[in-house]
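Have the viewer open as you read.

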Amino acid sequence: MGNILAWALVGSESLMGRELRDVLAEARLPVDLKLIAETAEKAGTLTVQGDEPALVLGLQEQNVREARVVLLAGSPESTLRTLDLGADTTVMIDLTHAAEDHARSFIRAPYVEPAGFRAPLDAVHSIAQPAAIAIAMVLPRLHAQFPVKRSVIHIFEPASERGTPGVEELQQQTVGLLSFKGMPKKIFDQQLSFNMLARYGEDAPFSLESAELRIERHLATLLSRAVDPSAMPPMPSLRLIQAPVFHGYSLSLWTEFLENPGVDAVESALSDEHIDVRRAELEPPASAGIAGQSGLAVGAITMDRNAPQACWCWLVADNLRLAAENAVAVGSQFL
């Protein structure tokens, strides 16, 4: 690290944008961060960055091209527009998944990439879906010590994966139910409050099936990057469920091994700087308490009473924090 470099954050006032600002402030990187609005209406507003007042700039070519690294955390439309405005030397890091179909898109998650891994120089760095990152942090570690025969994962999706509109709709639905009033259904097209959804309504602008397929695609990509192909665990069976929670992924992982490793061995295998293993004597992690916590928390590890070579694990991660940390880790490679 040397001179201070110019970075830009498009969508600085979004949920992901605010998380990125927090992560960057904690990382104390030698970076001068420009805040850029995702729409013209939000440009020119004042905010706070690092305890100092800051002006949110407009999404203009000069503001984008002056930055060495651009973090894309706004709307899909703002991501695609920014990609058109950037110079060939601009490092684009997308957290909106809008660039996934870009010709130079390259799925990234430094937390699970092999040592020395580098993307193509002209890549658009698309940060992997956070549930896919969480699974990729766990399965290869288990498989490396105790060969995995198969696994099944139920993923409980938070409303914040649909951005501020998703969080606000869940909040408004809850208030409406408790006060015996109507409820908005613009995002989920279903009652989510006090409910679980296996599918959104027909008029929802985004489908839960699409989110599930994205997790599968990203996970398959991350697992395939194992240095030794024999170290790649079999793809798990996934089921995505929309949970009535604002923030934080919860995942119920069932893994069948070739031989029974025992709970203590599984706990030891998962120990890592980015994984908080809650052993049996500790309270299991919960999405309500994971906000702002780095990495992944794992607990409630038990052997399956009806399948003696299998175990259950409960995984919890702050979805916004996990994606933001991996994005900043990508950007740090260009300091």
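## A serine tucked into a strand

You'll find Ser151 in strand S9, residues 148-157 (strands are DSSP runs of E with at least two residues, helices runs of H or I with at least four, both numbered from the N terminus).

Leaving out residues up to four places away in sequence, Ser151 touches Leu139, Pro236, Ser237, Leu253, Trp254 and Thr255 (contact means heavy atoms within 4.5 Å).

## What you're looking at

This is a predicted model, where local features need pLDDT of at least 70 and side-chain atom pairs count only at pLDDT 80 or more, while totals for chains, interfaces and linings use all residues. Residues are numbered from 1 along each chain as its sequence is written, and side-chain values use heavy atoms, with hydrogens and water left out.

## A buried loop residue

Ile290 sits in the loop between strand S12 (275-277) and strand S13 (296-303). At 2% relative accessibility, Ile290 counts as buried.

Which residues does Ile290 touch, not counting those up to four places away in sequence? They are Gly248, Ala297, Val316, Ala317 and Asp318. As for Thr164, 126 residues apart from Ile290 along the chain, the two C-alpha atoms are separated by 19 Å.

Note on methods: Buried means under 20% relative accessible area, exposed over 50%, partly exposed in between (1.4 Å probe, protein chains only).
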